[in-house]
Amino acid sequence: MTARRRFRDRIRIGPVEVATSYDGRGRDTHTAACTAPRCGFSADYSSRAAAELAARSHRCKA
């Protein structure tokens with residue numbers, strides 16, 4: 001069973017959304033996820049800068 005995340009500081013860079021949430025241990029984690037249909041890209045990063053860089057450089061394969 002996965003825990004439900006509460007995202008904050010959400011921004012959108014093209015089709016990718018970047019948001020911040022807490023992991024299970026109370027630390028900040030940053031997520032970048034593509035919202036394009038059939039893309040499936042999402043990843044967690046330890047820094048906000050890394051998540052935003054991934055969002056800026058993402059290219060959808062779909």
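Some ground rules: the model is predicted, local features need pLDDT of at least 70, side-chain atom pairs count only at pLDDT 80 or more, and totals for chains, interfaces and linings use all residues. Residues are numbered from 1 along each chain as its sequence is written, and side-chain values use heavy atoms, with hydrogens and water left out.

**Sheet and helix**

The sheet is open and has four strands in the order 1-2-3-4, with antiparallel pairing. Strand 1 (8-13) and strand 4 (42-45) sit at the edges, each pairing on one side only. From one strand to the next, the twist averages 20 degrees. Here strands (E, at least two residues) and helices (H or I, at least four) are DSSP runs numbered from the N terminus, and two strands pair if DSSP finds at least two bridges between them.

Strand 1 and strand 2 (residues 16-22) share four bridges in the antiparallel sense; Arg 8 has Thr 20 in strand 2 as its bridge partner. The two strands make a hairpin with two residues between them, and Gly 14 in that turn has a positive phi of about 65 degrees.

Helix 1 (residues 48-57) lies across strand 1, strand 2, strand 3 (28-34) and strand 4, and runs at about 160 degrees to strand 2. Angles run from 0 to 180 degrees between N-to-C directions, using axes fitted to C-alpha atoms, for helices over the stretch in contact (heavy atoms within 4.5 Å).

**Positive phi**

Most residues other than glycine have a negative phi. Asp 9, in strand 1, has a positive one near 50 degrees. Arg 38, in the loop between strand 3 and strand 4, also has a positive phi, about 60 degrees. Asp 9 is exposed at 53% relative accessibility, and Arg 38 is exposed at 75%. The classes are buried under 20% relative accessible area, exposed over 50% and partly exposed in between (1.4 Å probe, protein chains only).

**Salt bridges**

A salt bridge means a side-chain nitrogen of Lys or Arg within 4 Å of a carboxyl oxygen of Asp or Glu. The count comes to six, including these:

| Pair | N to O distance |
|---|---|
| Glu 17 and Arg 10 | 2.9 Å |
| Glu 52 and Arg 48 | 3.1 Å |
| Glu 52 and Arg 56 | 3.9 Å |

Glu 17 is partly exposed at 23%, while Arg 10 is exposed at 54%. Glu 52 itself is partly exposed, at 22%.
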